[in-house]
Amino acid sequence: MKLIIAIVQDEDASRLISNLMNEGYGVTKLATTGGFLKSGNTTLLVGVDDNRFDACMAIIEKICKSRKQIATSPVTMGGGTAGMYSPYPIEVTVGGATVFVVTVDQFVKF
Ligand code: 2BA
């Protein structure tokens, strides 16, 4: 079994959840905030059996679109100590989805 942790844009979240639920996946939605833009995004936890993993990833890929967004508050570009501070609005491409896949050792429901 795998745990899919998918960070998606709020605009895609409802449709993605509906699609996943319609296909019988269990989904937990978390309201999260991106560290760079400091604006809201959505993190979904989806526990899937190995034989349904590829199909689940395909749904996420199909629905989550990349979009251009303007970072209006001051941001540090590049990260780390070498980062450059930019006080001006900059355009960044966000998403489709940032996905982490974790192997699940144990899955229990009490
Ligand atoms: P944010 O951290 O708000 O980042 C939004 C977008 O800003 C990123 O889109 C990327 O295009 C840009 N960006 C992020 N850090 C940057 C930097 N240091 N310099 C220049 N541009 C930068 P995505 O890469 O599609 O990420 C979307 C969201 O996914 C992120 O929102 C964050 O919440 C999450 N995320 C991305 N990579 C992650 C990671 N390695 N670990 C945990 N969360 C991650």
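Relative accessible area sorts residues into buried (under 20%), partly exposed (in between) and exposed (over 50%), with a 1.4 Å probe and protein chains only. The model is predicted, so local features need pLDDT of at least 70 and side-chain atom pairs count only at pLDDT 80 or more, while totals for chains, interfaces and linings use all residues. Residues are numbered from 1 along each chain as its sequence is written, and side-chain values use heavy atoms, with hydrogens and water left out.

**Backbone features**

Most residues other than glycine have a negative phi, and most peptide bonds are trans.

| Feature | Value | Loop |
|---|---|---|
| Gly95 and Gly96, cis peptide bond | omega about -5 degrees | Gly96: between strand 7 (90–94) and strand 8 (97–103) |

Lys38 counts as exposed because its relative accessibility is 58%.

**Helix packing**

Helix 1 (residues 10–22) packs against helix 2 (residues 53–63) at about 150 degrees, with the axes 10 Å apart. Axes are lines fitted to C-alpha atoms, for helices over the stretch in contact, and angles run from 0 to 180 degrees between N-to-C directions. The pair is therefore roughly antiparallel (over 145 degrees). In helix 1, Asp12, Arg15, Leu16, Asn19 and Leu20 meet Cys56, Ile59, Ile60, Lys62 and Ile63 of helix 2, contact meaning heavy atoms within 4.5 Å.

Technical notes:
Helix = DSSP H or I, 4+ residues; strand = E, 2+ residues; numbered from the N terminus. Parallel < 35°, antiparallel > 145°, perpendicular 65-115°, else oblique.
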